[in-house]
Amino acid sequence: MSAQEELKKLAEEVAQCQLCELHYSRKNAVPGEGPHNATIMFIGEGPGFHENEQGRPFVGAAGKFLEELLSKIGMKREQVYITNVVKCRPPGNRDPKPEEVDICTRQFLERQIQLINPKVIITLGRYSMGLYLPHAKISDVHGQALRIKGRIVVPMYHPAAALHQGSLKPVVEADFSRLPELLSKNTTALEENELAAPSEADQSATQLSLF
Ligand code: URA
């Protein structure tokens, strides 16, 4: 089966999933969307109200801001893969529970990452950052490019955090504005060093650059 077909099958599994309690309250599961061979993958936290209504990631206010940030660096959302740590809306937008994160990432997110095989993963917010940097503080590491498990991981503040806390908006904008330079440098570096890249199992993170 091709990666595209496998992703479609995975999305069907997400829609049927009953592995955690989030399935009781969901209207629509939100598997994620974007090209099956995207170079860049954004990982948010979990669907909110609008995402649950539409079954698509980042379609509310945070999504609009994400699209603005992308357009400022000459990119469209259709060019990147966008998904979340958990695929069903936590009721009342509560934080996802550790067991929900655990089940959903093992069952779906890790497979999506393997299938899409993005060079760069941009984590949006604390939950997706926690998958790669469980002990980091986002205020310390946002905007840094890190080599983790053979990929470039760039932790970023969640766009919704920037909408709620105005002082973070310029920080997020500045981190995004440096992405093109970072991507061109680091994706080349990764290709050149592909054989030397740490394996998927390697938990160690190497700092590549500090903005
Ligand atoms: N916030 C998220 O983390 N994900 C979405 O899909 C929408 C808002």
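These legends describe close-up views of one predicted model.

**View 1**
The protein has ten helices and six strands. Of its 211 residues, 46% count as buried. Take the contacts between residues at least 6 apart in sequence: 74% of them join residues at least 24 apart.

**View 2. Confidence along the chain.**
The average pLDDT of the protein is 90, and 88% of the residues score at least 70. Residues 194-204 have a pLDDT below 50. In the model this stretch has 15 contacts beyond near neighbours in sequence. Where pLDDT is low, the predicted coordinates should not be read in detail.

**View 3. The largest nonpolar core.**
This core has 56 residues. Which of them touch the most other members? They are Phe-42, Ile-122 and Phe-176. Helix α5, residues 98-116, gives the largest share of this core, with six residues. In soluble globular proteins, nonpolar side chains tend to be buried together.

**View 4. Ile-122 and its contacts.**
Ile-122 is among the core residues that touch the most other members. Strand β1 spans residues 40-44.

**View 5. Arg-26, a buried charge.**
Arg-26 sits in the loop between α2 (22-25) and β1 (40-44). Arg-26 is buried yet forms no salt bridge. Which side chain of opposite charge is nearest to Arg-26? That is Glu-100, 11 Å away. A salt bridge needs a nitrogen and a carboxyl oxygen within 4 Å. Backbone oxygens lie within reach of the Arg-26 side chain: that of Ala-15 is at 3.0 Å. The backbone oxygen of Cys-17 is 2.9 Å from a polar atom of the Arg-26 side chain. Not counting residues up to four places away in sequence, Arg-26 touches Val-14, Ala-15, Gln-16, Cys-17, Asn-52 and Cys-88.

**View 6. Lys-97 and Glu-21, a link between loops.**
The structure holds twelve salt bridges. One of them pairs Lys-97 with Glu-21, with the closest N and O atoms 3.1 Å apart. Lys-97 is in the loop between β2 (81-84) and α5, and Glu-21 is in the loop between α1 (3-16) and α2. The pair links distant parts of the chain, 76 residues apart. Lys-97 is partly exposed, with a relative accessible area of 29%. Glu-21 is also partly exposed, at 40% relative accessibility.

**View 7. Glu-100 and a network of salt bridges.**
Glu-21, Arg-94, Lys-97 and Glu-100 are linked in a network of salt bridges. Glu-100 belongs to helix α5. Is Glu-100 buried or exposed? Glu-100 counts as buried because its relative accessibility is 1%, and buried means under 20%. Apart from neighbours within four places in sequence, Glu-100 is in contact with Cys-20, Glu-21, Leu-22, Val-86 and Arg-94.

**View 8. Arg-56 and Glu-33, another loop pair.**
Arg-56 forms a salt bridge with Glu-33, and their closest N and O atoms are 2.8 Å apart. Arg-56 lies in the loop between α3 (49-54) and α4 (61-72), and Glu-33 in the loop between α2 and β1, so the pair ties together parts 23 residues apart in sequence. Arg-56 is partly exposed, with a relative accessible area of 34%. Glu-33 counts as partly exposed at 22% relative accessibility.

**View 9. Glu-173 and Lys-72, a link between helices.**
A salt bridge joins the side chains of Glu-173 and Lys-72, at 3.5 Å from N to O. Glu-173 is in helix α9 (residues 169-177) and Lys-72 is in helix α4, so the pair ties together parts 101 residues apart in sequence. Glu-173 is partly exposed, at 27% relative accessibility. Lys-72 is exposed, with a relative accessible area of 58%.

**View 10. Val-141 in helix α7.**
Val-141 is found in helix α7, residues 138-141. Val-141 counts as buried, at 12% relative accessibility. Not counting residues up to four places away in sequence, Val-141 touches Met-129, Leu-133, Ala-136 and Pro-155. Met-129 is twelve residues from Val-141 along the chain, and their C-alpha atoms are separated by 9.5 Å.

Conventions
Residues are numbered from 1 along each chain as its sequence is written. This is a predicted model: local features need pLDDT of at least 70, side-chain atom pairs count only at pLDDT 80 or more; totals for chains, interfaces and linings use all residues. Side-chain values use heavy atoms; hydrogens and water are left out. Helices (H or I, at least four residues) and strands (E, at least two) are DSSP runs, numbered from the N terminus. Buried means under 20% relative accessible area, exposed over 50%, partly exposed in between (1.4 Å probe, protein chains only). Lys and Arg count as positive and Asp and Glu as negative; His and the chain ends are not counted. A polar contact is a pair of N or O atoms within 3.5 Å; within protein, one must be able to donate a hydrogen and the other to accept it, and residues adjacent in sequence count only if both atoms are side-chain atoms. Contact means heavy atoms within 4.5 Å. A nonpolar core is a set of buried Ala, Val, Leu, Ile, Met, Phe, Trp, Tyr and Cys residues joined through side-chain atoms within 4.5 Å. pLDDT is the predictor's confidence in each residue, from 0 to 100.
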